[in-house]
Amino acid sequence: MKLDILAFGAHPDDVELGCGATIAKEISLGKKVGIVDLTRGELGTRGSADIRDEEAAAAAKILGVQIRENLRFRDGFFVNDEKHQLEIIRMIRKYQPEIVLCNAVEDRHIDHGKGSKLVSDACFLSGLRRIETVDNGEQQEAWRPKLVYHYIQWKNSEPDFVVDVTGFTDKKVEAVMAYSSQFYEPNSNEPITPIATKNFLDSLVYRSQDLGRLIGTDFGEGFTVERYLAVNSLGDLR
Ligand SMILES: [Zn+2]
């Protein structure tokens, strides 16, 4: 199945937190979107890998993505090497996305920056036809996504552009809250983590409002790019 957008996250919930509203908006515009999680988040303080599998499936349904896969890399310890790159390349060639979304270049969790570079490197390598990969017993064609964008997650990285996601923040929050083991739940007996606080939950909305304010709208999600953004005319920007 060919997709328009493929979003990668080091952990299940990274994609929802970083660009859930953008994905919901693109889907509402008729785009086909998929999610690939690199790990099952098995080192997470709260919940378990099995619980997070179920939560990820529920969140995918809320967002309306076409597919969600998990590469089962080792949470905390996966590396950017040939073996891992080939697994990412297999996903890129399988779904042939025009646009790839991936983790922030630098963030609090070490897997985010690592996953970001791993996916970005694999996007380049995927376009080289002499790198051979097989999926379901079939040789895959080379494919390089046109665009790679990094979503912003924990740290307030400075965005290179901001997507107006007004009207889609509720859906993002709903998808995030599908991970009920991870986020704010006043009745939970699990240890409090930085992402399980009320402030973190509220931050999904207030940070989005702040980015929206800066582009003259109600809500926004920011992204960074690795190369210059190209426009056909000055009127392409608003
Ligand atoms: Zn994460």
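Of the 238 residues in the chain, 47% are buried. The structure is a predicted model, and its secondary structure consists of six helices and nine strands.

**Overall form**

A compact globule with 238 residues would have a radius of gyration near 18 Å; the value for the chain is 17 Å, which agrees. Along the principal axes, the C-alpha atoms occupy a box of roughly 55 × 45 × 30 Å. Carbon and sulfur atoms contribute 51% of the accessible surface.

The following table collects values for the whole chain.

| Property of the chain | Value |
|---|---|
| Radius of gyration | 17 Å |
| Accessible surface | about 12,100 Å² |

**The setting of Gln 85**

Gln 85 is part of helix H3, which covers residues 82–95. Is this residue buried or exposed? Gln 85 has a relative accessibility of 14%; because buried means under 20%, Gln 85 counts as buried. Its side chain forms a polar contact with the side chain of Asn 80, at 2.7 Å. When neighbours within four places in sequence are left aside, Asn 80 is again a contact of Gln 85, together with Leu 118, Asp 121, Ala 122 and Leu 125.

Notes: Residues numbered from 1 in each chain as written. Predicted model: local features only at pLDDT ≥ 70, side-chain atom pairs only at ≥ 80, totals over all residues. Heavy atoms only, no water. Helix = DSSP H or I, 4+ residues; strand = E, 2+ residues; numbered from the N terminus. Rg over C-alpha atoms; globule rule 2.2 N^0.38 Å. Buried < 20%, exposed > 50% of the residue type's maximum accessible area, 1.4 Å probe, protein only. Areas by Shrake-Rupley, 256 points an atom, 1.4 Å probe, with all protein chains shown as cover. Polar contact = N/O pair within 3.5 Å; in protein donor to acceptor, adjacent residues only side chain to side chain. Contact = heavy atoms within 4.5 Å.
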